[in-house]
Amino acid sequence: MAASASFMKINVQHPIKPMFLLKPASQKPSRIRCAAATTKPSKRYSITLLPGDGIGPEVISVAKHVLNLAGSLEGIEFNFQEMPMGGSSLDLVGVPLPEETLSAAKKSDAVLLGAIGGYKWDKNEKHLKPETGLLQLREGLQVFANLRPATVLPQLVDASTLKKELTGGIYFGKPRGFGTNEDGEEIGFNTEVYATYEVDRIARVAFETARKRHGKLCSVDKANVLEASMFWRKRVIAVAAEYPDVELSHMYVDNAAMQLVRNPKQFDTIVTNNIFGDILSDEASMITGSIGMLPSASLGSSGPGLFEPIHGSAPDIANQDKANPLATVLSSAMLLKYGLGEENAAKRIENAVLETLNKGFRTGDIYSAGNKLVGCKEMGEEVLKSVDSQVAAAV
Ligand code: IPM
Ligand code: MG
């Protein structure tokens, strides 16, 4: 598990080289066109690609090829547009989320993000941090519901799924800032605040999800201490009246952190706030095998969704062809399924990932003796081969 630890060191440590592509993405390989030629006329979607920093560009490049191939087999054509975002955007144009990027994202059918952040920008003022760009993007797209399915290796059995509220809570609450207290001591402060509509809408997404799974929903809070959590719990209970078929339970976040390690199978669907969800999803990723495997989908009530791996930019392994691209590949499957309603193309990608794992291909973070250690590019090639072989089977 040594390599997986490197993924945990997201957004830290080493300076990384800026890289950027402020241009429409080039169309991809001839094998993809061949496959497309065998299918019906195209549906077209425009996808904004935000490669970002660290390993972001490497994993996005793999996901783009996989999307192209799986799409072409289902008569889907993509128009990709790569835009700057995060630290590399700071280096390029001085802000972490240029207006052009947000407006391109808003105009597209879906947005696929790699990862942002790195040591180089860690000491920047808050408005000049890569992470601020990500929060602005989520806010700008109004994607309040964040789906983080946690799947278990090696067979990738569906273990549980976590819904994290994404555009509210302590990340956005006011007042916030730095100041001095009455003793003249310097302070930093934030506010955890949720309005009725914010809890109700994420609760509904969670109840709907639980209904489609095993009908069990656990709401995680800190209602033994925090008013914002007491309110959260009150609203979740109120919304539960609309879903009598779903079994609702509540758990304090400290206990949930422990129970996730002790017996993750007890959970079906978890709903929680922005910050608890951030922490618990990293924990869940290690239980399931690696943070390099877990995708996410962020959805609003309308407009394009935002799809991204839950891992960070892992600057310590950037540009070394060591990253696990599967979380981003699986995020592109979520993009097809939840963003575009293209379930068949999504299935093709999910199956190809399973098949690639079944053949024993592993990046460093999920490697164990007896398997074949591959880099980011080769893992991508293997997934493409598996998508291709499904064509042969289908013809
Ligand atoms: C995540 C990340 C972000 C979050 C950061 C980079 C702002 O950790 O998506 O899990 O905390 O939401
Ligand atoms: Mg996180």
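Colleague: Of the contacts in the chain between residues at least 6 apart in sequence, what share joins residues at least 24 apart?

Modeller: This is a predicted model: local features need pLDDT of at least 70, side-chain atom pairs count only at pLDDT 80 or more, and totals for chains, interfaces and linings use all residues. Residues are numbered from 1 along each chain as its sequence is written, chains are lettered from A and ligands numbered from 1 in the order in which they are written, and side-chain values use heavy atoms, leaving out hydrogens and water. A contact means heavy atoms within 4.5 Å. Among contacts between residues at least 6 apart, the share joining residues at least 24 apart is 74%.

Colleague: What percentage of the 395 residues is buried?

Modeller: Buried means under 20% relative accessible area, exposed over 50%, and partly exposed in between (1.4 Å probe, protein chains only). In this chain of 395 residues, the buried ones make up 55%.

Colleague: Which residue forms a salt bridge with E74?

Modeller: A salt bridge is a side-chain nitrogen of Lys or Arg within 4 Å of a carboxyl oxygen of Asp or Glu. The closest N and O atoms are 2.7 Å apart, and the partner is R348.

Colleague: How many residues apart in sequence are the parts that K64 and E82 tie together?

Modeller: The side chains of K64 and E82 meet in a salt bridge of 3.8 Å, N to O. K64 lies in helix α3 (residues 56–73) and E82 in strand β2 (residues 76–82), so the separation of the parts tied together, in residues, is 18. Helices (H or I, at least four residues) and strands (E, at least two) are DSSP runs, numbered from the N terminus.

Colleague: Is E342 buried or exposed?

Modeller: E342 sits in the loop between α11 (326–339) and α12 (343–358). Not counting residues up to four places away in sequence, E342 touches K43, Y45, I76, L336 and K337. Because its relative accessibility is 9%, E342 counts as buried.

Colleague: Where does D183 lie?

Modeller: D183 is exposed, with a relative accessible area of 68%. The place of D183 is the loop between β6 (177–180) and β7 (186–189).
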